[in-house]
Amino acid sequence: MKIITTGGLLLALFLGQELFGQAFKPSKTQFMIRGYGHSGLNYEQIDDNDADLSFVGATFAPIFLFKHSDRLLFEAELEFELEDGEVKVGFEYADFNYVLNKYITVRAGKFLLPFGTFVERLHPAWINRLSTLPLGFGHDGIAPGSGIGVELRGAAPVGSGKINYSLYMVNGPVLVTSAMDPEEAGMLRFENFEDNNGNKAVGGRLGILPLSNSSVELGVSFYNGIAGDAGGEYENVAARLYAFDFSYVKQISAIKGILDIKAQYTKSNVANANYYELSPGDTIPTSYTFTNSSNAYFGQLSYRPSMASGFIKNIEVVGRYSSLSTPEGAEWEQEASQVAFGVNYWLSWRSVLKFSYQVTESVGGHGNAGSSRRTGMYAHWALGF
Amino acid sequence: MSKVRIISTLTAVFLFLVTLYSCEAQKAAASQKTGAQLWGENCIRCHNIPSPGDYNDVDWETIGLHMRIRANLTEDEIDKIVEFMKTVN
């Protein structure tokens, strides 16, 4: 009896240890959910009209990371957001990444485009130092955000610095025609899930980090493709975009904190084409054309006294100037500039309370010929998990 | 943006870089740096610097791969950084 009990105990111990041991052995594949939540309060006023005060956003954006091996990673992000009285689900990206060798990684699927740096690196609410996007991004933006296709990317040390690159082929832009939306005729849309023409857009970015401490990065990007539908009046209308970006981030003891400067200049050139408008009372549309070039830029500077003591080290101040100019003669002609200031309080490296004030001066924009001045005050929070 | 503005901006950026370069050129290249140094210099460029203690070893492996690709880090850099994160978390 005793022998049986001891034997049983030993067996139990042995099995227990086996199970215990296994529970702590990490698996080769790994699945992880990260992401962020964000919402806020907006107070906005256009000229002398009544102001709007509204809680906005309530975004929940889960990010799924599946590491199949040391070389293969799948990433996807969904974005649930309350907008115009309903839940909008955004499908931000879903792509697989395979590390071919030291210098080359292949990506395929729907991915954020490294056209400039704002969209790929800086737009998530817990990274963006202000509650709003600079002019030229987001709705009515002139820069592509994501695309479906394939990409090669990588980085290599060069001298005491390093370079990084990306080269991709995606479905490319769609040209908005008068038949699609007369108000936006001539604009580009980048959400092109089934290509409207056989032509693929080709783009890329080269980033140079000249200093050994990686504090400075200069980038140049391009994105070229046919935008018009195949087989129609616009089948040869091409779009050529380019961008320059700059980043400087460093903790400097002399100013007891982190100085962070980011900037991007984006230019879009679309070939000339005829668009049509129906004046009131007319039955036959008249055609018009314009030089279809737009540009946008922003510069942002932020400072956080990270070397101070107490709560002061969690405070950050930020200023940003941005500008957008769309074609003269288009229905969506606009000249706008914006100044934004903000104060942030960082609760952790990925959670922040953001307070900001901004003024946007614009002339034109969506069937609006006059000039307008929009002021906004924002109190937002963002939390990465 | 007017031509004058573009040229003056580029000149300013260039002068800024030359100044920085002369201060930094003598210092060690990335290949001679430790994981801790590379973490401090690289993981701060887009977002705030993450603390190693936020994630366990297995998580750091996945995040390391994600950031290697997203942030275009070199293999040498990310290997050293992940090693460092796993040692001090």
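## Burial and overall architecture

A residue counts as buried when its relative accessible area is under 20%. In this predicted model, buried residues account for 46% of the 89 residues in chain B. For chain A, 49% of the 385 residues fall into the buried class.

The two chains are described by separate inventories of secondary structure. Chain B has 4 helices and 0 strands, and its elements follow the order α-α-α-α from the N terminus. Chain A contains 2 helices and 20 strands. Along the principal axes, the C-alpha atoms of chain A occupy a box of roughly 105 × 55 × 50 Å.

Contacts between residues at least 6 apart in sequence were also classified by separation. In chain B, 66% of such contacts join residues at least 24 apart. In chain A, the corresponding share is 57%.

## The interface between chains A and B

The contact between the chains involves 40 residues from chain B and 59 residues from chain A. Together the two chains bury about 4,300 Å², and 58% of this area lies on carbon and sulfur atoms. On the chain B side, B:Arg45, B:Arg70 and B:Asn72 contribute 17% of the area that chain B buries against chain A, more than any other three residues.

The elements of chain B that give two or more residues to its side of the contact are helix H1 (3-24), helix H2 (35-42), helix H3 (57-70) and helix H4 (75-88). H3(B) provides the largest share, 10 residues. By residue class, the side of chain B that touches chain A consists of 19 nonpolar, 8 polar and 13 charged residues.

The interface of chain B and chain A holds 3 salt bridges. In one salt bridge between the chains, the side chains of B:Glu77 and A:Lys162 meet at 2.5 Å, N to O.

## Salt bridges across the model

Side chains of opposite charge can pair when their charged atoms come close. Over all chains, the count comes to 23 salt bridges. A network of salt bridges links A:Glu75, A:Asp95, A:Arg107, A:Glu120, A:Glu151, A:Arg153 and B:Arg70. B:Arg70 is also one of the three residues named above for their share of the area that chain B buries against chain A.

In chain A, the side chains of A:Asp245 and A:Arg205 form a salt bridge at 2.8 Å, N to O. This pair links distant parts of the chain, with A:Asp245 in strand S12 (residues 238-252) and A:Arg205 in strand S10 (residues 201-209), 40 residues apart. A:Asp245 and A:Arg205 are both buried. In chain B, B:Lys33 and B:Glu41 form a salt bridge in which the closest N and O atoms are 2.8 Å apart, and both B:Lys33 and B:Glu41 are buried.

The salt bridge between A:Glu184 and A:Arg189 has an N to O distance of 3.1 Å. A:Glu184 has a relative accessible area of 12% and is therefore buried, whereas A:Arg189, with a relative accessible area of 35%, is partly exposed.

## Nonpolar cores

The largest nonpolar core comprises 55 residues, of which A:Leu175, A:Leu188, A:Tyr223 and A:Tyr275 touch the most other members. With neighbours within four places in sequence set aside, A:Leu175 is in contact with A:Met180, A:Gly186, A:Met187, A:Leu188, A:Ala227, A:Gly228, A:Tyr234, A:Val237, A:Val270 and A:Tyr275. Another core, of 6 residues, lies apart from the largest one, and its members include A:Leu211, A:Phe246, A:Tyr248 and A:Leu259.

## An exposed loop residue in chain A

A:Pro280 is located in the loop between strand S14 (275-277) and strand S15 (286-288) of chain A. Its relative accessibility is 81%, so A:Pro280 counts as exposed. A:Pro280 and A:Ser214 are 66 residues apart along the chain, and their C-alpha atoms are separated by 59 Å.

Definitions and conventions: Residues are numbered from 1 along each chain as its sequence is written. Chains are lettered from A and ligands numbered from 1 in the order in which they are written. This is a predicted model: local features need pLDDT of at least 70, side-chain atom pairs count only at pLDDT 80 or more; totals for chains, interfaces and linings use all residues. Side-chain values use heavy atoms; hydrogens and water are left out. Contact means heavy atoms within 4.5 Å. Buried area is the accessible area (1.4 Å probe) that two parts lose on being put together, summed over both. A salt bridge is a side-chain nitrogen of Lys or Arg within 4 Å of a carboxyl oxygen of Asp or Glu. Ala, Val, Leu, Ile, Met, Phe, Trp, Tyr, Cys and Pro count as nonpolar, Asp, Glu, Lys and Arg as charged, and the others, Gly among them, as polar. A nonpolar core is a set of buried Ala, Val, Leu, Ile, Met, Phe, Trp, Tyr and Cys residues joined through side-chain atoms within 4.5 Å. Buried means under 20% relative accessible area, exposed over 50%, partly exposed in between (1.4 Å probe, protein chains only).
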